[in-house]
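Please keep the structure open as you read.

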Amino acid sequence: MTARDKSKVNPVFSLTSGTLAGAVEGFATYPIEYTKTVSQFSAKPGEKPPHPFVVVRQTVAKHGITGLYSGCGALVAGNALKAGVRFLSYDHFKDMLKNEEGKLTAPRSLLAGLGAGMMEAIFAVTPSETIKTKLIDDAKRETPKYPPGLVRGSMAIVRDEGLLGIYRGLVPVMLRQGANSAVRFGTYSTLRNFVQTSSRPGQPLPGGVTFGIGAVAGIVTVYATMPLDVVKTRMQALDARQRYAGTLDCMRQVFRDEGLLAFWRGATPRLARLMLSGGIVFTVYEKSMDLLQSLSARN
């Protein structure tokens, strides 16, 4: 266990490091997120969804490389905000839930992750991902309804649907983010503590090891929470209000019309993204925290 694990984490450092990690991760992995979202929209009931490479080829042929970054601004801005909120919340809940010895057990780490996920869903994820999903859904139309770009597109969506429009799908997002963060932080914390205790007691982990642990946490997260991601995407589509009466109705229709496996549609590109994002976000966060604490100690 490192010195940082034993003491209370500076909330400013958590927010700064989390925001930086989220921005870097969001931009680096956005084309994969775009491909996943299009895959979840493209298939009609009874049809096989297009292969991710087909989505990439068709998008580049029609819109160029920049087409893979449609809606990117919303996700990067939202990713930076949500990662800042996530790590700030997680470190706060983690400090609250440590036992008498100053350690965080696996069940308590899951609980801290659940709380962090709920906070980021409310304050960051739902608005940013609703805008991102609507802009991606709109961009593949023959005649797009909304102007391109984060600011203009967001303003048009708010004018069209009001502020409540960007909170479409709040319940499935809270469910997904709570589950995502609980599984991701729980897995990461458990593996990190195991590696730290068994091979590098009292020493910081190398970046490669942190990246690997984060990638494994991403794999576990994908398959455990993919159904919630599919429902979230459907509930944030442009025609969601006309198609679904609510979250449970959306789940019922997907299962009835497309079968059980439809809840894991888009798992391959999401797996690629969360493996990368898990490695990137935890590595950038850990290194940023180490740097900030080192600079603080010198002053």
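**Cavities, repeats and salt bridges**

About 30 Å³ of space lies in the second largest cavity. This is a predicted model, in which local features need pLDDT of at least 70 and side-chain atom pairs count only at pLDDT 80 or more, while totals for chains, interfaces and linings use all residues. Residues are numbered from 1 along each chain as its sequence is written, and side-chain values use heavy atoms, with hydrogens and water left out.

Rolling a probe the size of a water molecule over the atoms shows where empty space is left. Here a cavity is a set of points, on a 1 Å grid over the protein atoms alone, where a 1.4 Å probe fits but cannot get out, and its lining residues have an atom within 4 Å of a point. Grid points are joined across faces, edges and corners, and a volume is the space filled by probe spheres set on the points. By this rule there are two cavities of 30 Å³ or more.

Lining the second largest cavity are Lys134, Glu161, Arg168, Ala237, Leu238, Ala240 and Arg241. By class, that makes three nonpolar, no polar and four charged residues (nonpolar: Ala, Val, Leu, Ile, Met, Phe, Trp, Tyr, Cys and Pro; charged: Asp, Glu, Lys and Arg; polar: the others, Gly among them).

Two of these lining residues, Lys134 and Glu161, are also partners. Their side chains meet in a salt bridge at 3.1 Å, N to O (a side-chain nitrogen of Lys or Arg within 4 Å of a carboxyl oxygen of Asp or Glu). Glutamate 161 lies in helix α6 (residues 150–161) and lysine 134 in helix α5, so the pair ties together parts that are 27 residues apart in sequence. Helices are DSSP runs (H or I, at least four residues), as are strands (E, at least two), numbered from the N terminus. Lysine 134 counts as buried at 1% relative accessibility, and glutamate 161 is buried at 14% (buried is under 20% relative accessible area, exposed over 50%, partly exposed in between, with a 1.4 Å probe and protein chains only).

Now turn to the largest cavity, which holds about 230 Å³ of space. Its lining has 19 residues, with Lys82, Asn180, Arg184, Arg273 and Leu274 nearest its centre. The elements that give two or more residues to this lining are α2 (11–42), α4 (72–97), α5 (106–139), α7 (170–199), α8 (207–235) and α11 (267–298). The largest share, five residues, comes from α7. The lining divides into one nonpolar, six polar and 12 charged residues.

Arginine 86 lies in helix α4 and counts as buried at 8% relative accessibility. Beyond four places in sequence, arginine 86 touches Ala116, Glu120, Ser181, Arg184, Phe185 and Val281 (contact means heavy atoms within 4.5 Å). Valine 125, in helix α5, is buried at 0% relative accessibility. Among its contacts are Lys82, Glu120 and Arg176.

How many salt bridges does a search of the whole structure find? The count is 11. In one of them, aspartate 91 pairs with lysine 94 at 3.3 Å between the closest N and O atoms. Both residues are buried.

Terms used:
On a 1 Å grid over the protein atoms alone, a cavity is a set of points where a 1.4 Å probe fits but cannot get out, and a pocket is an open set with protein on both sides within 12 Å along at least five of seven lines; lining residues have an atom within 4 Å of a point.
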